[in-house]
Amino acid sequence: MLTVLDHALIKHKLTIMRQADTSTYIFKQNLDEIAKLMAYEVTRNIPLKEIPIRTPICDTTGYELDQKIVLVPILRAGIGLVDGFRDIIPTAKIGHIGIFRDEKTLEPHEYFAKFPKDMDKSIVIVTDPMLATGGSASAAITNIKKRGAQKILLVCLVGVPEGVARIEQDHPDVDITLAALDEKLNEVGYIVPGLGDAGDRLFGTI
Ligand code: PRP
Ligand code: URA
C-alpha cells in the first residue's frame, strides 16, 4: 500500500530541501525535522501490548510496543533519516545496507550489509530519501527478507510512480510511505522535480 503524507509542515520543509541554493546544514536540519514527522505517522498503528502499571493514584493498564523496531538506512543517503527516527523511537536498533546505483545502467550494487539479531521478530523500517527506479530499495528489501524479516515498511522522502510500481511488483507485502510523489524520472534517472542527488546534498560531496 502507498501512503503519501499530506501535512503542511512536511510540504513546507520539503520545499526548503528542494531548493538548489539550500545549504548542506539547512538540508540536514529539515530532513531531521521531516524524519520525525514521518516516524510519528508510520508508527501510528504498530502493535501494542497491555501492561499493568501503578500511577501515583492507582493501579491501571498501560501500553508498550509489542515488537522491536529495526531501522535500516540504505547508505549513504538513507542515514539522513535515522537521527529523526531515533529521536522518536530511541529503543530502535539500526541495521545498515550499503547500495549505490550505477550512474549509467541505474542498476543497484550492494557493498555492505550488517543487521541486528531478531530481524524475524522485528518491524523493519527501511529508509532512503529517494525512490527513483526503485532498484535500490527493492534490492535492500530482498536482502532484509533473507534475514527472515516478515514486516517491512519502506519510508522515502520523494518517490515517483516508476519506483512505487517496482516495489509494488517485487514486494507487494511492503507498505510504502512517501512525503511526496513527484512527476517522473528524467533521461538520466533523476526525480523531476526532485531535490537532486540526496547523498551529495546531505554530505556536501557536490
Ligand atoms: C540514491 C538514493 C537511493 C537511490 C535511488 O543513492 O539515495 O538509494 O539513489 O535510486 P533508485 O531508486 O533508482 O535505485 P545513490 O546510488 O546515489 O547512493 P548514495 O546514497 O551513496 O549517494
Ligand atoms: N537518487 C538521488 O539521489 N536523486 C534522484 O533524483 C534519483 C536517485
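**View 1. The residues surrounding ligand 1.**
In this predicted model, ligand 1 is surrounded by 15 residues, and the closest of them are Arg101, Asp128, Thr133, Gly134 and Ser136. Sorted by class, this shell holds six nonpolar, five polar and four charged residues. Strand E6 (96-101), strand E8 (122-131) and helix H4 (135-146) each contribute at least two residues to the shell around ligand 1, and the largest share, three residues, is that of E8.

**View 2. Polar contacts of ligand 1.**
The side chain of Asp128 places an N or O atom 2.4 Å from an oxygen atom of ligand 1, and a polar side-chain atom of Arg76 lies 2.9 Å from an oxygen atom of the ligand. At Ala77 the backbone takes part, with a polar atom 3.0 Å from an oxygen atom of ligand 1. On its own, ligand 1 has 500 Å² of accessible area, of which the protein covers 91%.

**View 3. The largest pocket and its lining.**
The largest pocket has a volume of about 670 Å³, and it is lined by 30 residues, of which Phe100, Arg101, Ser136, Tyr190 and Asp197 are the closest to its centre. The lining divides into 16 nonpolar, seven polar and seven charged residues. Strand E4 (68-75), E6, E8, H4 and helix H6 (198-203) each supply at least two residues of this lining, with the largest share, four residues, coming from E8. The space taken by ligand 1 is this largest pocket, and the space taken by ligand 2 is likewise the largest pocket. Arg101 can be followed through these views, being listed among the closest residues around ligand 1, among those closest to the centre of the largest pocket, and among the residues around ligand 2.

**View 4. Ligand 2 and the residues around it.**
Ligand 2, whose space is the largest pocket, has around it Arg101, Met130, Ala132, Gly189, Tyr190, Ile191, Gly196, Asp197 and Ala198. By class, five residues of this shell are nonpolar, two are polar and two are charged. Tyr190 and Asp197, which belong to the residues around ligand 2, are also listed among the residues closest to the centre of the largest pocket.

**View 5. Backbone contacts of ligand 2.**
A polar backbone atom of Ile191 is 2.8 Å from an oxygen atom of ligand 2, and a polar backbone atom of Ala198 is 2.9 Å from an oxygen atom of the ligand. A nitrogen atom of ligand 2 takes part in a further contact, with a backbone N or O atom of Gly196 lying 2.8 Å from it. Of the 240 Å² of accessible area that ligand 2 has on its own, the protein covers 88%.

**View 6. The second largest pocket.**
By class, the lining of the second largest pocket consists of eight nonpolar, three polar and four charged residues.

Notes: Residues numbered from 1 in each chain as written. Chains lettered and ligands numbered in written order. Predicted model: local features only at pLDDT ≥ 70, side-chain atom pairs only at ≥ 80, totals over all residues. Heavy atoms only, no water. Near = heavy atom within 4 Å. Polar contact = N/O pair within 3.5 Å; in protein donor to acceptor, adjacent residues only side chain to side chain. Areas by Shrake-Rupley, 256 points an atom, 1.4 Å probe, with all protein chains shown as cover. 1 Å grid on protein atoms, 1.4 Å probe; cavity = no way out; pocket = protein on both sides within 12 Å on 5 of 7 lines; lining within 4 Å. Sits in = over half its atoms within 2 Å of the grid points. Nonpolar A, V, L, I, M, F, W, Y, C, P; charged D, E, K, R; others polar. Points joined across faces, edges and corners; volume = space filled by probe spheres on them.
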